[in-house]
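Welcome to this short tour. Open your viewer, and we will go from one selection to the next.

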Amino acid sequence: IFAAPTGSERRCFTNWWQKWVDGANPDSPHARVVARFLRDEGIDPYLLPRDELEEFRKNFLTEQRWFAKAEDEDTKNEEACKLLKDKKSHVLSQWQALYPLTGNGLASRG
């Protein structure tokens with residue numbers, strides 16, 4: 001019979017999926033930006049299917065590399081997020097209903 005872990009036995013653990021979504025393993029700055037953007041929109045990125053998340057990352061990179069006109073990287077990322085929000089608002093509204101952000105999605109917010 002298994003017992004529930006007590007406070008002293010519990011350890012912080014993030015699995016490979018959370019690290020991949022958050023852009024920590026492998027190191028992926030654009031994945032970090034997308035995960036933060038999704039959380040800001042009230043969407044839990046951990047719940048998204050992998051293919052949909054990869055497609056959204058690809059869309060972000062397209063906006064950032066081709067349509068964002070800023071010179072500074074941070075400003076360019078912000079501009080790309082705004083463009084993406086306008087162009088993919090229908091997808092974001094669906095995801096807000098299907099994958100709402102709860103306390104779980106805030107655990108690795110960075």
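Is E54 buried, exposed or partly exposed? Select E54: its relative accessible area is 35%, so E54 is partly exposed, where buried means under 20%, exposed over 50% and partly exposed in between, with a 1.4 Å probe and protein chains only.

A word on what you are viewing: this is a predicted model, in which local features need pLDDT of at least 70 and side-chain atom pairs count only at pLDDT 80 or more, while totals for chains, interfaces and linings use all residues. Residues are numbered from 1 along each chain as its sequence is written, and side-chain values use heavy atoms, leaving out hydrogens and water.

Staying in helix α3, select K58 and E55, three residues apart. Their side chains form a salt bridge too, at 3.3 Å from N to O. K58 has 44% relative accessibility and E55 has 39%.

Next, pick D27 and R32, joined by a salt bridge of 2.9 Å, N to O. D27 is exposed at 58%, whereas R32 is partly exposed at 29%.

Finish at D72, in the loop between α3 (50–67) and α4 (73–87). D72 is partly exposed, at 42%.

Notes. Helix = DSSP H or I, 4+ residues; strand = E, 2+ residues; numbered from the N terminus. Salt bridge = Lys/Arg side-chain N within 4 Å of Asp/Glu carboxyl O.
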